[in-house]
Amino acid sequence: MAIAVERIQIPLRVAIRKGVISWERLVQLLLLVALLAVWEIAGRRLGDFFLAPPSSLLDATREMLASGELVSATLDSLESLAIGFGLCALVGIGLGYLMGWYRPVARVLDPFVSAAYVVPVAALVPVLIIWFGLGFQSRVIVVFLFAVFEVLVSTYTGVKNVDPMLIDVGRSFNAGRMKLFRKIVFFASLPYIFAGLRMGAARAIKGMVVAELLFAVTGLGGAIQTAANYYRTDKVFVYIIVISIIGIAMAAAIQLLERLATPWRQERSS
Amino acid sequence: MASPSGQMPVGVVRSVASGTRLASHDNEPGGIRIRDLAQTYERVTAREIVRTHALRNVNLDVAPKEFVCLIGPSGCGKTTILKIIAGLLRPTSGEVSVSGKRVTGPGTDRATVFQTPGLMPWRSVVDNVVLALEFAGTPRGQRRDQAIHYVDRVGLSEFYDHYPAELSGGMQQRVGIARALAIEPQVLLMDEPFGALDAITRGHMQSELLRIWEQEKKTVVFVTHSIDEALLLSDRIVVMKDGTVVTTVEVPIEQPRTRESLLEHKDAIELRRELIEML
C-alpha cells in the first residue's frame with residue numbers, strides 16, 4: 001500500500017493532561033472569575049437583601065449543609081427528576097422508534113403529538129394536582145411531560161432521517177426487517193436520540209423546578225420559595241447554583257454516554 | 001469479429017432490432033435473463049396522473065461470467081434495471097430471472113456495489129464486511145475470517161479497524177467491493193461504482209477491478225456513463241436510451257486490456273467512434 005499508517009500509543013499521563021488542560025478551559029475559568037467579581041462588587045453595593053454577593057454564599061452554604069436542608073431538598077428533587085426523566089427516555093425513545101419505523105403508527109399519532117407538544121405543561125400543573133395530589137406522583141408526571149416530547153420528536157426525526165442508501169444496502173444483502181432495525185436504523189439514529197436526550201434533560205430540570213415552585217412544598221423549588229419568603233437571597237442563589245450543577249452534571253453524563261455509544265463520531269484530524 | 005450478416009459491413013456493432021440476443025446459457029448458474037421489462041413511476045395529484053416510463057420493453061440476456069456494461073445518458077434507466085435485478089425494486093411488468101430462478105426480491109446470489117459506497121459509519125472496515133455476511137446468513141464463526149480475506153483482496157490489509165470516515169473515497173469504494181465479493185455471489189451488480197472518484201483513482205480502481213475479476217470470475221453487470229470505462233472493462237456493451245436498449249455491442253478485444261493499449265487498438269478506436277455517435 002502506498003499509504004502509510006502509523007500507530008502511536010499515548011501514555012496515560014499525557015492523555016490525562018491533554019484531557020484536563022487546554023486553552024478553552026483557561027478562558028472558561030477566567031470568564032467565571034470575571035463574572036464572580038462583577039457579582040461581588042454589585043452585591044456589596046446593593047446589599048445582601050437585594051443581591052447577596054458570592055462571598056456570602058459560602059456562609060449560607062455552610063449553614064444550609066449543617067441544618068441538612070440543602071441535602072434533603074436536593075435529594076428530594078433528584079428523586080423525581082431521575083424517575084421522571086428515566087420514564088421520559090423510555091417512552092420517548094420507544095414511541096419515537098415505533099413512529100419512525102412503522103409509518104401507520106406515525107400517521108395515527110402525528111396530530112396528537114403535535115397538539116401535545118405545544119401545550120404549555122406548566123398550565124396543566126393545577127389539573128395534575130387535582131388528579132394526583134401534591135405528592136411525588138404529580139411531580140414525576142410534570143417532569144415527564146416537560147421532557148418527553150423533545151426525546152420523542154428527536155427519535156422520530158432520527159429514524160426518519162436514516163440514510164435510505166444504508167437501508168438499501170441492508171436490503172440488498174438480504175437483511176430482514178428486524179435486522180435492518182437492530183443493525184442499521186438503531187445506530188444511524190443514535191446522534192438524534194442523544195440530541196433529544198440533551199434537550200430533554202434541560203427541560204426535565206425546568207419541569208422539576210416548576211412543579212416544586214407551584215406545589216411550593218418540596219424539593220429545591222419549594223426551598224427557593226421558602227427562602228424567598230424570608231428574604232434570604234443568598235439561600236436562593238445557592239439553590240439556583242445547585243440546580244445549574246445538576247444540569248451540567250446531567251449534560252456531561254449524557255455526553256459521556258454518547259461518546260461511549262458512538263465512538264465513530266470523534267474528531268480525528270490532528 | 002466482423003458481423004457475418006452483411007447488414008453491418010463496418011465495425012462490430014450488431015443490430016438488435018428484436019431487442020434481444022438470445023443466449024442459450026442464461027439459465028445456467030450466474031446467467032441473467034430479462035424479458036419485456038417495464039418500469040413506470042406514477043405521481044398522482046388532484047388534477048392529473050403523471051406517468052414516467054423509466055423502462056420499456058427491455059430484453060437482455062447475460063451469460064454466466066460475462067462482464068456487461070450498461071451505458072447511456074443519465075436518466076436512461078440503467079440504474080433502474082440494476083435495482084430490479086438486485087430485487088430492490090419490483091418491475092411494473094416483465095420478468096427477470098437469475099440462474100433460471102425468477103427474481104422476486106433481494107437474494108445472496110446477487111450483490112450490489114453502489115455508487116456511493118453506503119458503508120455503516122459506526123462500523124470499521126472489517127465490521128462492515130462482517131455485517132453484510134451476517135445479513136446474508138453466513139454462520140457466525142466464519143464471518144470474520146471471510147471478511148478479512150476479502151478486505152485483503154481489495155488491498156486494505158492495513159485498514160481493518162479504520163472507520164469509513166477515516167478512508168478516502170477510493171478506499172471506501174474498495175470496502176464496498178470487498179463487501180459485495182465477500183458474500184460470494186454469482187452475480188455482481190455495480191452501479192457507477194467509480195462515478196464519484198477522481199480520474200486518477202478511477203483508473204487505479206478499474207485496473208484493480210479487472211485484476212480481481214480475473215481471479216474471481218463472476219457475472220458482472222456494470223452501469224456507467226463512460227465509454228472508455230465500458231471499453232476497458234466489458235465483454236459486451238449494452239447501449240441504452242430513453243428507457244430501452246438501443247443496441248448491444250461486442251467488445252472483441254482480448255483481456256487483459258490496459259488503458260494505454262486501448263488508445264491505439266484499431267477496434268477500440270472504431271468502437272469508441274461508433275458509441276460516441278450513438279450516444
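How many residues lie between β2(B) and β3(B) in the hairpin that they form? The answer is four. The views below come from a predicted model, in which local features need pLDDT of at least 70, side-chain atom pairs count only at pLDDT 80 or more, and totals for chains, interfaces and linings use all residues. Residues are numbered from 1 along each chain as its sequence is written, while chains are lettered from A and ligands numbered from 1 in the order in which they are written.

**View 1. The open sheet of chain B has four strands in the order β3-β2-β5-β6, with antiparallel pairing.** Strands, like helices, are DSSP runs numbered from the N terminus (strands: E, at least two residues; helices: H or I, at least four residues). Two strands pair if DSSP finds at least two bridges between them. Strands of a sheet pair through backbone hydrogen bonds, either parallel or antiparallel. The edge strands are β3 and β6 of chain B, each of which pairs on one side only.

**View 2. Strand β2 (residues 32–44) of chain B pairs with β3(B) and with β5(B).** Ten bridges connect β2(B) with strand β3 (residues 49–62) of chain B, and the two strands run antiparallel. Five bridges connect β2(B) with strand β5 (residues 93–98) of chain B, again in the antiparallel sense. The residue B:I34 can be followed in both directions: B:L60 stands opposite in β3(B), and B:V96 is the bridge partner in β5(B).

**View 3. A hairpin joins β5(B) to β6(B), with two residues between the strands.** Two bridges hold β5(B) and strand β6 (residues 101–102) of chain B in antiparallel pairing. B:V98 stands opposite B:K101, and B:S97 has B:R102 as its bridge partner. In this hairpin, B:S99 takes a positive phi near 55 degrees.

**View 4. Helices α11 (residues 219–229) and α12 (residues 233–261) of chain A cross at roughly 165 degrees.** Their axes come within 8 Å; axes are lines fitted to C-alpha atoms, for helices over the stretch in contact, and angles run from 0 to 180 degrees between N-to-C directions. The angle therefore makes α11(A) roughly antiparallel to α12(A), since angles under 35 degrees count as roughly parallel, over 145 as roughly antiparallel, 65 to 115 as roughly perpendicular and the rest as oblique. The contact (C-beta atoms, placed from the backbone, within 7 Å) is made by A:L220, A:A223, A:I224, A:A227 and A:A228 of α11(A) and by A:K235, A:V236, A:Y239, A:V242 and A:I243 of α12(A). By class, this contact has nine nonpolar, no polar and one charged residues. Here Ala, Val, Leu, Ile, Met, Phe, Trp, Tyr, Cys and Pro count as nonpolar, Asp, Glu, Lys and Arg as charged, and the others, Gly among them, as polar.

**View 5. Helix α3 (residues 54–67) of chain A crosses α12(A) at roughly 80 degrees.** The axes of the two helices come within 9 Å, and the angle makes α3(A) roughly perpendicular to α12(A). On α3(A), the residues A:S56, A:L57, A:A60, A:T61 and A:M64 meet A:D234, A:K235, A:F237 and A:V238 of α12(A). Five nonpolar, two polar and two charged residues make up this contact.

**View 6. Chain A and chain B meet through 19 residues of chain A and 22 residues of chain B.** On the side of chain A that touches chain B, the elements giving two or more residues are α8 (164–172) and α9 (177–188). The most come from α8(A), with seven residues. By class, this side of chain A has ten nonpolar, four polar and five charged residues. The model scores ipTM 0.83 and pTM 0.79.

View 7. The pLDDT is the predictor's confidence in each residue, from 0 to 100. Over residues 1–23 of chain B the pLDDT is below 50. Where pLDDT is low, the predicted coordinates should not be read in detail.

Notes
Two residues are in contact if their C-beta atoms, placed from the backbone, lie within 7 Å.
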